[in-house]
Amino acid sequence: MAYKISDLKTDYQSDWCPGCGDFGILNALMSALVDLQLDLNNVVIVSGIGCSGKTPHFINVAGIHTLHGRDIPFAAGIKLANPDLTVIVTGGDGNTYGIGAGHFLNVGRRNIDITCLVFNNGVYGLTKGQASPTLKLGTKTKSLPLPNINDAINPLVVAIACGYTFVARSYAYDVKHLKEMIKQAILHKGLSLVDILQPCPSYNDIHTKEYFEQIVNNSKRIYKLEETDYQGEVKDINNHEEIQQKMIQAIIKAQEWGDRIPIGVFYKINLATFEERIKSRYGKNLNPSKDKFNEGMKATTDISKLLAEIEVKKYIRG
């Protein structure tokens, strides 16, 4: 029997601020799961710290709320332990591009089949609006006493450069478009990023709904790549020139910001996943979650010396 969005909702009460873009992202994610009709017993949502970290609490699938910036390696471990699972990461821009930047970069080298959804609002919303890595130099939101002193990173450019094989952007208040981007990201075999422009009505008074949806030169600031002649998918993975051309095209397009902000799929290429590389090396599919140990099997590593070194000694006076 097909399930509906109501089947995905939990009893947890949201503590997100009224008007937060997280609500749109949550609805788009649940709508994507409904459209795909995935086996919910095989879906795992992993989050880090921040407002986005609550996302797994609101969806009736397996959810893991991890440490700040550590959701990507945690998700990678889950996928390698059981490749049959659909693994989705939900993290904020501070969590993913700030403290988790090292993991965000290095997972690109592996092309693990997981989907990363990043709630990008330019601020650390949970801790009262400090500038995140995506807030541009000189921008002063209402929570900053002085304009931002750091320049911003471009997460799409970084993702393309370090090996993500599906790179897209969407907008939290366009739930229909976001749902489609999430569906494509989940269906893509390989490492996917959907960077989601998400207004924070409490702390970012610059990048608001009005800003993103403003009409500039007779056109809405946000526009969809699929409504233009832009085409970001590599058709021939053996054609180095095509790959190079599509990457350069995507990097240039990803830097378009201001009067016009593109959303959609910037870059896509179908390459062997990390799981497929492992299969190629060992000649078989590996699924550690289904391996069975013999009764009485013991570890071969003696860690008694290590345990003795870290043992807390009790000293009794008298």
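Colleague: How many bridges join E7 to E12, and do they run parallel or antiparallel?
Modeller: Four bridges join E7 to E12, and the two strands run antiparallel. Strands count as paired if DSSP finds at least two bridges between them. Helices (H or I, at least four residues) and strands (E, at least two) are DSSP runs numbered from the N terminus. Please note that this is a predicted model, in which local features need pLDDT of at least 70 and side-chain atom pairs count only at pLDDT 80 or more, while totals for chains, interfaces and linings use all residues. Residues are numbered from 1 along each chain as its sequence is written, and side-chain values use heavy atoms, with hydrogens and water left out.

Colleague: Which residue of E12 stands opposite Ala168?
Modeller: Val265 stands opposite Ala168.

Colleague: What is the strand order of the whole sheet?
Modeller: The order is E2-E1-E3-E4-E8-E7-E12-E11, in an open sheet of eight strands with mixed pairing. Strand E2 (62–65) and strand E11 (222–224) stand at the edges with a single partner strand each, so one side of each has no neighbour in the sheet. On average, neighbouring strands of this sheet are turned by 20 degrees against each other, direction ignored.

Colleague: Which helix packs on the sheet, and what does it touch?
Modeller: Helix H9 (residues 240–254) does, touching E7, E11 and strand E12 (261–268). The direction of H9 makes about 160 degrees with that of E12. Axes are lines fitted to C-alpha atoms, for helices over the stretch in contact, and angles run from 0 to 180 degrees between N-to-C directions. Contact means heavy atoms within 4.5 Å.

Colleague: How many residues of E12 are buried?
Modeller: Eight of the eight residues of E12 are buried, so the strand is largely enclosed by the rest of the structure. Buried means under 20% relative accessible area, exposed over 50%, and partly exposed in between (1.4 Å probe, protein chains only).

Colleague: And in which sense do E11 and E12 run?
Modeller: E11 and E12 run parallel, joined by three bridges. Lys224 has Ile263 in E12 as its bridge partner.

Colleague: What about E7 and E8: over how many bridges do they pair?
Modeller: Strand E7 (residues 166–171) and strand E8 (residues 192–197) pair over six bridges in the parallel sense. Ser170 stands opposite Ile196 in E8.

Colleague: Changing topic, which residues of H3 are buried?
Modeller: In helix H3 (residues 71–81), the buried residues are Asp71, Ile72, Ala75, Ala76, Ile78 and Lys79. They cover an arc of only 160 degrees around the axis, which puts them on the same side of H3. That arc is taken from the directions from the helix axis to the C-beta atoms.

Colleague: What reaches the backbone nitrogen of Leu156 at the start of H6?
Modeller: A side-chain oxygen of Asn154 reaches to within 3.2 Å of that nitrogen. In helix H6 (residues 155–162), Pro155, Leu156, Ala159, Ile160 and Cys162 are buried. Just after H6, Gly163 takes a positive phi of about 115 degrees.

Colleague: Where does Asn111 lie?
Modeller: Asn111 lies in the loop between helix H5 (101–106) and strand E4 (115–120). Asn111 has a positive phi of about 55 degrees, although it is not a glycine. Most residues other than glycine have a negative phi. Asn111 is buried, with a relative accessible area of 2%.

Colleague: Is Lys128 buried or exposed?
Modeller: Lys128 counts as exposed, at 52% relative accessibility. Lys128 is placed in the loop between strand E5 (123–124) and strand E6 (130–131), and its phi is a positive value near 80 degrees.

Colleague: With which side chain does that of Lys179 make a polar contact?
Modeller: The partner is the side chain of Asp35, at 3.0 Å. A polar contact is a pair of N or O atoms within 3.5 Å; within protein, one must be able to donate a hydrogen and the other to accept it, and residues adjacent in sequence count only if both atoms are side-chain atoms. Lys179 is found in helix H7 (residues 175–187) and is buried, with a relative accessible area of 18%.

Colleague: Finally, how many disulfides are found?
Modeller: A search of the whole structure finds zero disulfides, a disulfide being a pair of cysteine sulfur atoms within 2.5 Å. For Cys17, the nearest cysteine sulfur is that of Cys20, 6.4 Å away.
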